[in-house]
Amino acid sequence: MAASGEEVKLLGVWPSPYVIKVKIALELKGVRYEYLEQEIWENKSELLLKSNPVYKKVPVLIHNDRPVCESAIILQYIDEVWAGARPSILPSDPYERAIARFWAGYFEDTWFYGAIKILQVKTEKEKAEAIEQSFAGLSLLEETYEKSFKGKPFFGGDNIGYLDIALGSFLGWVKTIEKMSGLKLIDGAKFPLLATWAERFCSVATVKEHIPKTDKMIEYCSKVLQPKWHALNN
Amino acid sequence: MGVKLLDAWVSPFGQRVRIALAEKGVEYEYVEENLAEKSRLLLESNPVHKKIPVLIHDGNPVCESLIIVEYIDDVWDKKPHLLPAHPYLRAQPRFWADFVDKKIYECGTRLWKLKGEEQAEAKKEMIEILKLLAAELGDKTYFGGDAFGFVDVALVPFTSWFYSYERCAGFSVEAECPEIVAWAKRCMERESVKKTLYDPEKVYEFVCFLKKRYGVE
């Protein structure tokens, strides 16, 4: 629990999977915080600009007036500050930690940007390439689950951990891409372990309320994001 | 078993790992990879990215240079500690090392690969990046304070590329960011850095080879 006199603020935007990661981590650790929804396109708040002058992006965690930026770094910070609150987010073994960091980094830096291209690209050829790449990535993940995590309900073991949060926070977006493109990405026939893991993750109490409803995401994507992508492409 | 490093001599990412291992006094087998013909071991150890560096510890591969450096700091949990113990003091170096990762290599590549307006844009960006880092360094000896640390390890290999950036894009890092040049000189006094970094002229030779390969004048 956050001790009295501790002040925790989270600057975020509701559709961001990076923000969702932090919300889940804070809830997992039982940390009480004030959530401040931000404007990220125009009119960025003074607080955001002051707290993240380098990137001017969300999420930003502000702990007793000290800002921490970048979701992966924030998650590790939360785990280390509230180390007493169980469960641990990162594994205790250094090798397992390195593996968790690697896959989390791959998924959010590489896989997700590839998958979102399915909605962004103009030609059928580009779309097919983006789909193929996304399947290739999921294949690698499924293999990893089989090799290193089989028999466990989550990547973190019995409880959700760093890698579950890092991957799972993108599930809202995965469902959005699936619905908007008419394509099943985490297909149970192709990726049985990942598909059951995804269902299990989304039913966890600390997770459920933080994954936005797909309809709301589709609306956000079509009304806000797609016009911005088209503007950039033209 | 033991420690094996799959690497390529000129790679600043590989150099981060070499420096970290040297700082910790870890003995390891260095394997120079031919990136034009990647070994089966590399492809098996890093099937996702197929890139170096890869640290193989007792048969277990660790990929991505900053992840490897943190792994080294965790496993060889002895002095010098590359990351401090306090959570907030760990978050800051992680942020800046990640910043170096996101910005320097990509911008530097544009500096030697492009010409004209695009190169001028990259030059402007590189100077901004270095100025931001100089501000973060302040008047500390190292980014880690009195102790050589995570951000120093992340950034120092790129200092042997400054000469190449300067030659290709026509500017002086020393003129724009003397603090960074002074910091680089301090780092070069450390055995681990001195033994790992190549002469900037040798790196420039390599960049010229790359330019020829990509058909850049």
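This section describes strand pairing, backbone geometry and charged contacts in a predicted model.

In chain A, strand β3 (residues 60–63) pairs with two other strands. Strand β1 (residues 8–12) of chain A and β3(A) pair in the antiparallel sense, with four bridges between them. Within chain A, A:L11 stands opposite A:V60 of β3(A). Strand β4 (residues 66–69) of chain A is likewise paired with β3(A) in the antiparallel sense, and four bridges are found here. In this second pairing, A:L61 has A:V68 of β4(A) as its bridge partner. In a regular strand, side chains alternate between the two faces of the sheet. In β3(A), A:V60 and A:I62 point one way, whereas A:L61 and A:H63 point the other way. All four of these residues, A:V60, A:L61, A:I62 and A:H63, are buried.

The hairpin formed by β3(A) and β4(A) has two residues between the strands. A:N64 is located in the loop that joins β3 and β4 of chain A. The phi angle of A:N64 is positive, about 50 degrees, although A:N64 is not a glycine. Because its relative accessible area is 36%, A:N64 counts as partly exposed.

With a relative accessibility of 37%, A:K56 is classed as partly exposed. A:P59 is also placed in the loop between α2 (46–51) and β3 of chain A. The peptide bond that joins A:V58 and A:P59 is cis, with omega at about 0 degrees. In chain B, a cis peptide bond joins B:I52 and B:P53, and omega is about 0 degrees. B:P53 is situated in the loop between α2 (40–45) and β3 (54–57) of chain B.

Another loop of chain A, between α1 (17–28) and β2 (34–37), contains A:Y33. A:Y33 is partly exposed, its relative accessible area being 26%. Along the chain, A:Y33 and A:L47 are 14 residues apart, and their C-alpha atoms are separated by 16 Å.

Charged contacts form the next group of features. Side chains of opposite charge can pair when their charged atoms come close. Over all chains, the structure holds 26 salt bridges. One of the pairs in chain A joins A:E7 to A:K9, with the closest N and O atoms 3.7 Å apart. A:E7 counts as partly exposed at 39% relative accessibility, whereas A:K9 counts as buried at 18%.

In chain B, a salt bridge is formed by the side chains of B:K24 and B:D73, at 2.8 Å from N to O. B:K24 belongs to helix α1 (residues 12–24) of chain B and B:D73 to helix α3 (residues 65–75) of chain B, so this pair ties together parts that are 49 residues apart in sequence. Both B:K24 and B:D73 are buried.

The side chains of B:E125 and B:R110 also meet in a salt bridge, with an N to O distance of 2.8 Å. Because B:E125 lies in helix α5 of chain B and B:R110 in helix α4 (residues 87–113) of chain B, the pair ties together parts that are 15 residues apart in sequence. B:E125 is partly exposed, with a relative accessible area of 27%, whereas B:R110 is buried, with a relative accessible area of 19%.

Residues from chains A and B also take part in a network of salt bridges, in which A:E80, A:R101, B:E70, B:R90 and B:R94 are linked.

A patch of negative charge is present on the surface, where B:E117, B:E118, B:E121 and B:E128 gather. B:E128 is part of helix α5 (residues 116–137) of chain B. The relative accessibility of B:E128 is 44%, so B:E128 counts as partly exposed.

Technical notes. Residues are numbered from 1 along each chain as its sequence is written. Chains are lettered from A and ligands numbered from 1 in the order in which they are written. This is a predicted model: local features need pLDDT of at least 70, side-chain atom pairs count only at pLDDT 80 or more; totals for chains, interfaces and linings use all residues. Side-chain values use heavy atoms; hydrogens and water are left out. Patches are made of residues with over 30% relative accessible area and no salt bridge: like charges are joined within 9 Å, nonpolar side chains (Val, Leu, Ile, Met, Phe, Trp, Tyr) within 5 Å. Accessible areas come from the Shrake-Rupley method with a 1.4 Å probe; for residues, only the protein chains shown count as cover. A salt bridge is a side-chain nitrogen of Lys or Arg within 4 Å of a carboxyl oxygen of Asp or Glu. Lys and Arg count as positive and Asp and Glu as negative; His and the chain ends are not counted. The place of a charge is taken as NZ of Lys, CZ of Arg, CG of Asp or CD of Glu. Buried means under 20% relative accessible area, exposed over 50%, partly exposed in between (1.4 Å probe, protein chains only). Two strands pair if DSSP finds at least two bridges between them.
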